[in-house]
Amino acid sequence: MRKRSSNLNPEDDFKSLEAHLAGALKPLAPPQEIVQRLNRRIQLPNRERIAASLSDWNRMFLVFAGVMSGMLILITLARAFYYLAGRRG
């Protein structure tokens, strides 16, 4: 293992490492069969279905309420830990 010189810039080390990796790691294209199979399996919903899910106000309200409740719990826990840590110090 070689010793590292103290006058080298870490940026130079990164550049030499990137140059080495660029030569060692060659990009590979995936087999066309896998790409075609993934294209068949991935299905984006049509516009009507997306619009219907966004207009479902009950679900949107539940998601919003869940996110807000989670944030409130996190804030409460953070305040409690801050209070307990401030008491010790």
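**Figure 1. Salt bridges in the predicted model.** The structure holds two salt bridges, a salt bridge being a side-chain nitrogen of Lys or Arg within 4 Å of a carboxyl oxygen of Asp or Glu. This is a predicted model, in which local features need pLDDT of at least 70 and side-chain atom pairs count only at pLDDT 80 or more, while totals for chains, interfaces and linings use all residues. Residues are numbered from 1 along each chain as its sequence is written, and side-chain values use heavy atoms, with hydrogens and water left out.

**Figure 2. The salt bridge between Glu-11 and Lys-15.** The N to O distance in this pair is 3.8 Å. Both residues belong to helix 1 (residues 10–24), where they are four residues apart, about one turn of the helix. Helices (H or I, at least four residues) are DSSP runs, numbered from the N terminus. Glu-11 is partly exposed because its relative accessibility is 48%, whereas Lys-15, at 51%, is exposed. Here buried means under 20% relative accessible area, exposed over 50%, and partly exposed in between (1.4 Å probe, protein chains only).

**Figure 3. The salt bridge between Asp-56 and Arg-59.** The closest N and O atoms of the two residues are 3.7 Å apart. Asp-56 has 28% relative accessibility and therefore counts as partly exposed.

**Figure 4. A nonpolar surface patch that includes Val-63.** Val-63, Phe-64, Val-67, Met-68, Met-71 and Ile-75 make a patch of about 580 Å². Patches consist of residues with over 30% relative accessible area and no salt bridge; like charges are joined within 9 Å, and nonpolar side chains (Val, Leu, Ile, Met, Phe, Trp, Tyr) within 5 Å. Accessible areas come from the Shrake-Rupley method with a 1.4 Å probe; for residues, only the protein chains shown count as cover. Val-63 lies in helix 4 (residues 57–88).

How values were computed: Helices (H or I, at least four residues) and strands (E, at least two) are DSSP runs, numbered from the N terminus.
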